[in-house]
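Here is a short briefing for a first look. Keep the sequence and the 3D view side by side as you read.

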Amino acid sequence: MTQIANTEQAEHWSGASGETWVAKQPLFDALMAPVLDLLMSHVALQLGARVIDIGCGTGASLLAAAHAVGPDGHVTGLDVSEPMLEHARARMTETSTTWVTCILGDAQVHAFPPSSADHVISRFGVMFFEDPVAAFTNIATSLSDGGTLSFVCWAGLRDNPWFRDPMDAAKAIVGAPPAKDPRAPGPMAFSEPGYVNDILDAAGLQDIKIETHGLNLTPPGTLKEVVDFAASEGPAGRIVREMGGTPADVDAIKSRLTEQMAAYETPAGLQVPARIHMVSARVAS
């Protein structure tokens, strides 16, 4: 029986947001490819390794991990979004990647088999926990002696214009919704390195390291196509819906975003600067 503690996030990612990720999977995969490259380079998975991918989404990180460990290894993907997991399962079938298992579950309460993994990884899948200490304490039970936890998370709104610019444009047009707790479950919840360190320490993990990297996100498509997407989804879309914005407001947001994002155009396409925390820890040997 599937246990879900964080019902709010499960409902969110199993609804319109999850469906958007499924429909736009190629876009998101291309956008986040440099981030996934950073994570996989850091983890350096070996052939035959056993891996758990927390918040595996539509499967990009599953495929990367499966390629690294090969058929003699195994990758388990866990996510609270059934639509995204269904899409991930389809991708595994299409690519004959039979050594991947996709499970609907909440990492905070999922009954991981003890010491069943050599590595736990996550690409932006751990900032949404209802109780982060409980979640990482539970995740740690899945790791074998000396096993590693490695994940990436956003290093803050101001340093990430993929979020900042649409949010600023939307607020300028329709106003700002009530401020929320910056540590509440959401993309930027783990932007403070000290806060993340305290969570992992309280969960009993050791050798905690947090390194901040600059890289460029690579959204595919023309400037207009990227702006159309950024103005209707993510933070801009949420603000427009919350503030009761109109189609005319969305057009005004697009106009502002076009000016902002034009600065990121290069001959190779849009390159949107980002700052990412690369976080690692391990369980005791």
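Ala, Val, Leu, Ile, Met, Phe, Trp, Tyr, Cys and Pro count as nonpolar; Asp, Glu, Lys and Arg count as charged; the others, Gly among them, count as polar. By that scheme, the lining of the second largest pocket has two nonpolar, six polar and three charged residues. This is a predicted model: local features need pLDDT of at least 70, side-chain atom pairs count only at pLDDT 80 or more, and totals for chains, interfaces and linings use all residues. Residues are numbered from 1 along each chain as its sequence is written, and side-chain values use heavy atoms, with hydrogens and water left out.

**The second largest pocket**

- A pocket is an open set of points on a 1 Å grid over the protein atoms alone, where a 1.4 Å probe fits, with protein on both sides within 12 Å along at least five of seven lines.
- The second largest pocket holds about 160 Å³ of space, a volume being the space filled by probe spheres set on the points.
- Lining residues have an atom within 4 Å of a point; here they include His42, His119, Asp207, Lys209 and Arg282.
- Two or more lining residues come from each of α3 (25–43), β5 (143–154), β6 (206–217) and β9 (272–282).
- These elements are DSSP runs numbered from the N terminus: helices are H or I with at least four residues, strands are E with at least two.

**The sheet**

- Seven strands make an open, mixed sheet in the order β3-β2-β1-β4-β5-β9-β6.
- Two strands pair if DSSP finds at least two bridges between them.
- β3 (100–104) and β6 are the edge strands; each has a single partner, so one side of each lacks a neighbour in the sheet.
- From one strand to the next, the twist averages 15 degrees.
- β1 (50–54) and β4 (117–123) pair in the parallel sense over three bridges.
- Val51 has His119 as its bridge partner in β4.

**Helices on the sheet**

- Helix α6 (132–140) packs on the sheet and touches β1, β4 and β5, where contact means heavy atoms within 4.5 Å.
- The direction of α6 makes about 140 degrees with that of β5.
- Axes are lines fitted to C-alpha atoms, for helices over the stretch in contact; angles run from 0 to 180 degrees between N-to-C directions.
- Helix α8 (193–202) lies across β5, β6 and β9, at about 140 degrees to β6.

**Positive phi in loops**

- Ser96 is not a glycine, yet its phi is positive, about 55 degrees.
- Ser96 sits in the loop between α5 (82–94) and β3.
- Phe124 belongs to the loop between β4 and α6.
- Phe124 is buried at 12%, buried meaning under 20%.

Terms used:
Buried < 20%, exposed > 50% of the residue type's maximum accessible area, 1.4 Å probe, protein only.
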